[in-house]
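User: Please take a close look at the salt bridges in this model and at what surrounds them. I would like one connected account, with the cut-offs stated.

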Amino acid sequence: MNAMNGTARSRFGAAVVVVVAVVAVLAGCDGQPAQDGHVHHSGYVGEGDQAAAAVRAVEARDLHGRWFPAGSVAAGRAFVEFTPDGRWSGSDGCNAERGSWKLESGGKLVATAEPSTYMQCENVPVEWWVSHASRAELAGQVLILLGDYGTARLVRTQN
């Protein structure tokens, strides 16, 4: 019976590895920079049926303004706003957050976050995305923040 359980566990482990590999292939992005220095994304950017647009490094003026997490459960309460003076402010859905930012060549984003108190809510990790992003890219009207956490996608305010 132990040999049977070991065999079943091995098959389950192998199945998990196959599923993870298939998901990675279907995701279409290995997160590694291509030879041109850009991280290329395939599939969709943000929500809906918007096909992937050409991805490019952001310029400072691209960041200016208010951005909302694409597909956020916080229904517009979570946001980040970048100002031309190198400051950012935002909310994770119920907590105010702020810090500073600067953009270096090739879309390298260097940002800090100031200390904040936290109430429990949806807590979309906007502050983490901004302060731990190593690069910012733009795909059409979608801001893509890339960091050790993976990829965060944000969309502009629709007035």
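Analyst: In this predicted model, the side chains of Arg87 and Glu114 form a salt bridge, with N and O 2.4 Å apart. A salt bridge here is a side-chain nitrogen of Lys or Arg within 4 Å of a carboxyl oxygen of Asp or Glu. Helices (H or I, at least four residues) and strands (E, at least two) are DSSP runs numbered from the N terminus.

Residues are counted from 1 along each chain as its sequence is written, and side-chain values rest on heavy atoms, without hydrogens or water. As the model is predicted, local features need pLDDT of at least 70 and side-chain atom pairs count only at pLDDT 80 or more, whereas totals for chains, interfaces and linings use all residues.

Arg87 counts as partly exposed because its relative accessibility is 32%; Glu114 is also partly exposed, at 29%. The classes are buried (under 20% relative accessible area), exposed (over 50%) and partly exposed in between, with a 1.4 Å probe and protein chains only.

Arg98 is partly exposed, with a relative accessible area of 43%. Through shared partners, the salt bridges join Arg87, Arg98 and Glu114 into one network.

β4 and strand β5 (residues 96-104) run antiparallel and are joined by five bridges; two strands pair if DSSP finds at least two bridges between them. Arg98 in β5 stands opposite Ser89. β4 and β5 form a hairpin with three residues between the strands, where Gly93 has a positive phi near 130°. On another side of the pairing scheme, five bridges join β4 (residues 87-92) to strand β3 (residues 78-82), again antiparallel. There, Val80 has Gly90 as its bridge partner. The β3-β4 hairpin has four residues between its strands, and Gly86 in the turn has a positive phi of about 85°.

In a regular strand the side chains alternate between the two faces of the sheet. Glu97 is also in strand β5. Glu97 is buried and has no salt bridge; the nearest side chain of opposite charge is that of Arg98, 9.5 Å away. Lys and Arg count as positive here and Asp and Glu as negative, with His and the chain ends not counted. The side chain of Glu97 does reach a backbone nitrogen, that of Glu127, at 3.3 Å. This is a polar contact: a pair of N or O atoms within 3.5 Å, where within protein one must be able to donate a hydrogen and the other to accept it, and residues adjacent in sequence count only if both atoms are side-chain atoms. Beyond neighbours within four places in sequence, the contacts of Glu97 (heavy atoms within 4.5 Å) include Trp88, Ser89, Tyr118 and Val126.

Asn95 lies in the loop between β4 and β5. With a relative accessible area of 4%, Asn95 is buried. Its side chain reaches the backbone nitrogen of Met119 at 2.6 Å. Leaving out residues up to four places away in sequence, Asn95 touches Gly90, Thr117, Tyr118, Met119, Cys121 and Asn123.

By the stated rule, the model has eight salt bridges. One of them joins Glu81 and Arg66, with the closest N and O atoms 3.0 Å apart. It links distant parts of the chain, from Glu81 in strand β3 to Arg66 in strand β2 (residues 65-69), 15 residues apart. Glu81 is partly exposed, at 25% relative accessibility, and Arg66 is partly exposed, at 32%.

For the setting, the protein chain has three helices and nine strands, and 31% of its 159 residues count as buried. Among contacts between residues at least 6 apart in sequence, 45% join residues at least 24 apart.
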